[in-house]
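Subject: Structure for you to look at

Hello,

Here is the structure I promised to pass on. Please open it beside this email and follow along.

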Amino acid sequence: MLVSGLLALGLGVTAMSLPVPYVVESPGPTFNTLGNDNGNPVISVTGRETFPAKGNLDLTTVYVDGGPNGPVTVFEAFSAWLSGAKAVYPEELVFPTGVTKEQSQQESAVAMTTSQENAVASALRELGIAFEQKMQIAGIPEGSASAGKLQENDVLLSINAKTATALSVVQAELAAGNGAPVEVVVDRDGSNVTTSITPAKTEAGRFILGVLLQYQFKFPFDVKISLEKVGGPSAGMMFALGIVDTVTPGDLTGGKHVAGTGTITPEGLVGPIGGISQKMHGARSGGATLFLAPAANCDDVVGHIPDGLQVVRVENLAEARKAVELAASGADTSGLPVCSTN
């Protein structure tokens with residue numbers, strides 16, 4: 001019986017240490033966009049007057065175990081499932097099949113760079129500071145509606161005679177045409193080229209040109225964001241708020257401890273992110289009392305807010321800025337938009 005018991009125990013321990021195809025997300029550290037990281041300012045500006053800011057505008061992060069980051073054991077997955085601060089997902093819902101750790105890190109780094117550029121653009125637009133913005137064609141997939149008509153590195157000038165420096169303009173014009181051919185003008189090596197393209201229709205019913213577009217910006221001053229070991233696009237909104245606070249007099253936060261998350265577009269629209277429950281717990285553990293959450297994440301916010309944290313729903317940078325300013329003034333913030341489920 002003793003031998004059988006020890007054998008059963010050994011088999012149980014072995015089973016609990018077996019890898020499983022799941023991903024575990026847990027609260028990561030927070031970083032104050034108004035502070036320093038490894039001795040360097042998270043946000044530094046040259047070419048324009050800056051103003052020291054107090055308080056916290058924390059970006060939030062999530063630890064991700066599993067997938068290309070290394071295997072998760074049965075015990076780790078089960079323990080995370082029992083934890084209110086962690087989440088467990090099937091691996092295929094988080095990572096594409098076959099993606100390597102190096103590929104995942106590269107994609108995350110590219111997303112972070114894009115997020116930072118968008119943050120500068122949205123902050124300057126919020127402050128009414130002029131800058132140059134263009135859209136360049138970064139790629140044309142095989143079989144695309146634009147294949148043979150547009151080329152990589154073309155700079156988009158207009159669509160149906162409407163100036164096209166923002167993706168929203170292109171999307172709106174394609175939707176309005178309902179599949180009809182559109183006239184596209186691009187700058188190709190210094191010469192204007194005009195062509196007619198019949199958009200393709202996606203399974204979701206949207207019309208597309210079938211090109212990969214990337215923004216090109218020329219800003220009136222330099223903004224450098226220094227943050228090691230953090231990737232992805234979800235810090236965009238908090239970077240934008242940090243830039244606004246850095247280049248304007250006074251303290252946006254009034255010394256308050258604010259945290260948040262959300263992608264940002266050059267137009268200042270705040271988009272959804274992953275792991276918001278874990279980010280709220282991380283924010284509260286870091287000392288935040290006010291949290292800015294993308295409106296599109298509201299279904300994941302409700303029922304997961306830690307005690308002592310007020311969560312405000314925001315759809316754009318202007319709303320986020322107003323929420324922080326209201327909290328900084330010491331006024332009652334109970335009337336700010338909150339999340340509710342559909």
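First, a definition: a residue is buried under 20% relative accessible area, exposed over 50%, and partly exposed in between (1.4 Å probe, protein chains only). This is a predicted model, so local features need pLDDT of at least 70, side-chain atom pairs count only at pLDDT 80 or more, and totals for chains, interfaces and linings use all residues. Residues are numbered from 1 along each chain as its sequence is written, and side-chain values use heavy atoms, with hydrogens and water left out.

The whole chain

The chain has 342 residues, and 41% of them count as buried. Its C-alpha trace spans about 85 × 55 × 40 Å along the principal axes. The accessible surface is about 17,500 Å² (Shrake-Rupley method, 1.4 Å probe; for residues, only the protein chains shown count as cover). Carbon and sulfur atoms hold 53% of that surface.

There are nine helices and 22 strands. Both are DSSP runs, numbered from the N terminus: helices are H or I with at least four residues, strands are E with at least two. Now take contacts, meaning heavy atoms within 4.5 Å. Among contacts in the chain with a separation of 6 or more, 74% join residues 24 or more positions apart.

Helix α4 and its partners

Start with α4 (residues 101-127) and α6 (residues 236-246). Their axes come within 8 Å and cross at roughly 45 degrees. Axes are lines fitted to C-alpha atoms, for helices over the stretch in contact, and angles run from 0 to 180 degrees between N-to-C directions. The two helices are therefore oblique to each other. Under 35 degrees counts as roughly parallel, over 145 as roughly antiparallel, 65 to 115 as roughly perpendicular, and the rest as oblique.

The crossing of α4 and α6 is right-handed. On the α4 side, the contact residues include M112, S115, Q116 and A119. On the α6 side they include F239, A240 and I243. The contact of α4 with α6 has nine nonpolar residues, four polar and no charged. Here Ala, Val, Leu, Ile, Met, Phe, Trp, Tyr, Cys and Pro are nonpolar, Asp, Glu, Lys and Arg are charged, and the others, Gly among them, are polar.

Next, α4 packs with α9 (residues 317-329) at about 70 degrees, with the axes 10 Å apart. That makes α4 roughly perpendicular to α9. This crossing is right-handed. S122, A123, E126 and L127 of α4 meet L317, A318 and R321 of α9. Four of these residues are nonpolar, one is polar and two are charged.

Most residues other than glycine have a negative phi. N38 is not a glycine, yet its phi is positive, about 55 degrees. N38 lies between β3 and β4 and is exposed, at 55% relative accessible area. N160 also has a positive phi, about 50 degrees. Its loop joins β10 and β11, and at 29% relative accessibility N160 is partly exposed.

Where does S226 lie? It is in the loop between β17 and α6. S226 counts as buried at 19%, and it touches D37, N40, P41 and V42, not counting residues up to four places away in sequence.

Best wishes

How values were computed. Left-handed = near helix turned anticlockwise from the far one by under 90°.
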